[in-house]
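Me: I have a structure to read and I am new to this. Can you walk me through it?
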Amino acid sequence: MSLKPDQVRHLADLAAIELTDDEVRSLSLELSSVLEHCQRLPVSHESCDHGFAVGSVEVREDRVDPSPMSDESFRWVWIEGEKFFAVPRLDLGSGDDER
C-alpha cells in the first residue's frame with residue numbers, strides 16, 4: 001500500500017504537526033514501507049480471542065466519592081476579591097530531629 005502526499009498531510013494535520021514538502025515526501029515513503037510490511041504479516045482473525053468484547057466485560061458501577069478538597073473544607077482559605085488562596089503555614093519542625 002502506498003501513501004500519497006495528501007494522505008500524509010492529512011495525518012500530519014490530525015496530529016497537529018507541521019511538515020515541509022520534503023518531510024511529506026520522505027514520510028510518504030517511510031510510512032508506505034511500514035504499511036507494506038504490515039500487510040505481509042500473517043494475521044488470522046479466527047485465532048483472535050473475542051472474549052473481551054464489550055458485551056461480555058463486567059464493568060463496575062460508576063460512583064462519585066466526595067472530594068477531599070470539597071468547598072466546605074477549603075472555604076476558609078479563599079481571600080475575597082483576590083485571585084489566590086491563602087494556606088496555613090506548614091510546621092516542618094526545627095530541623096534538629098535525631099535520625
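Reply: Gladly. Keep in mind that this is a predicted model. Let us begin with a charged pair: Asp-21 forms a salt bridge with Arg-9, and their closest N and O atoms are 3.4 Å apart.

Me: Where do Asp-21 and Arg-9 sit in the chain?

Reply: Asp-21 is in helix α2, and Arg-9 is in helix α1, residues 5-14. They are 12 residues apart, and the pair links distant parts of the chain.

Me: Why can such side chains pair?

Reply: Side chains of opposite charge can pair when their charged atoms come close.

Me: How many salt bridges does the structure hold?

Reply: It holds 2. In one of them, the side chains of Arg-25 and Asp-22 meet at 2.4 Å, N to O. Both residues lie in helix α2, 3 residues apart, which is about one turn of the helix.

Me: Is Asp-22 buried or exposed?

Reply: Read the relative accessibility. Exposed means over 50%. Asp-22 has 54%, so it counts as exposed. Arg-25 has 47%, so it is partly exposed.

Me: And Ser-32: buried or exposed?

Reply: Buried means under 20%. Ser-32 has 7%, so it counts as buried. Ser-32 is found in helix α2, residues 21-40.

Me: What does Ser-32 touch, leaving aside its neighbours within four places in sequence?

Reply: Ser-32 is in contact with Met-1, Ser-2, Leu-3 and Leu-27. Among the neighbours, look at Ser-28: its backbone oxygen lies 2.7 Å from a polar atom of the Ser-32 side chain.

Me: Which residues form a nonpolar patch on the surface?

Reply: Leu-11, Leu-14 and Leu-31 do, with about 280 Å² of accessible area together. Leu-31 belongs to helix α2.

Definitions and conventions
Residues numbered from 1 in each chain as written. Predicted model: local features only at pLDDT ≥ 70, side-chain atom pairs only at ≥ 80, totals over all residues. Heavy atoms only, no water. Helix = DSSP H or I, 4+ residues; strand = E, 2+ residues; numbered from the N terminus. Buried < 20%, exposed > 50% of the residue type's maximum accessible area, 1.4 Å probe, protein only. Polar contact = N/O pair within 3.5 Å; in protein donor to acceptor, adjacent residues only side chain to side chain. Contact = heavy atoms within 4.5 Å. Patch = residues over 30% accessible without salt bridge, like charges linked within 9 Å, V, L, I, M, F, W, Y side chains within 5 Å. Areas by Shrake-Rupley, 256 points an atom, 1.4 Å probe, with all protein chains shown as cover. Salt bridge = Lys/Arg side-chain N within 4 Å of Asp/Glu carboxyl O.
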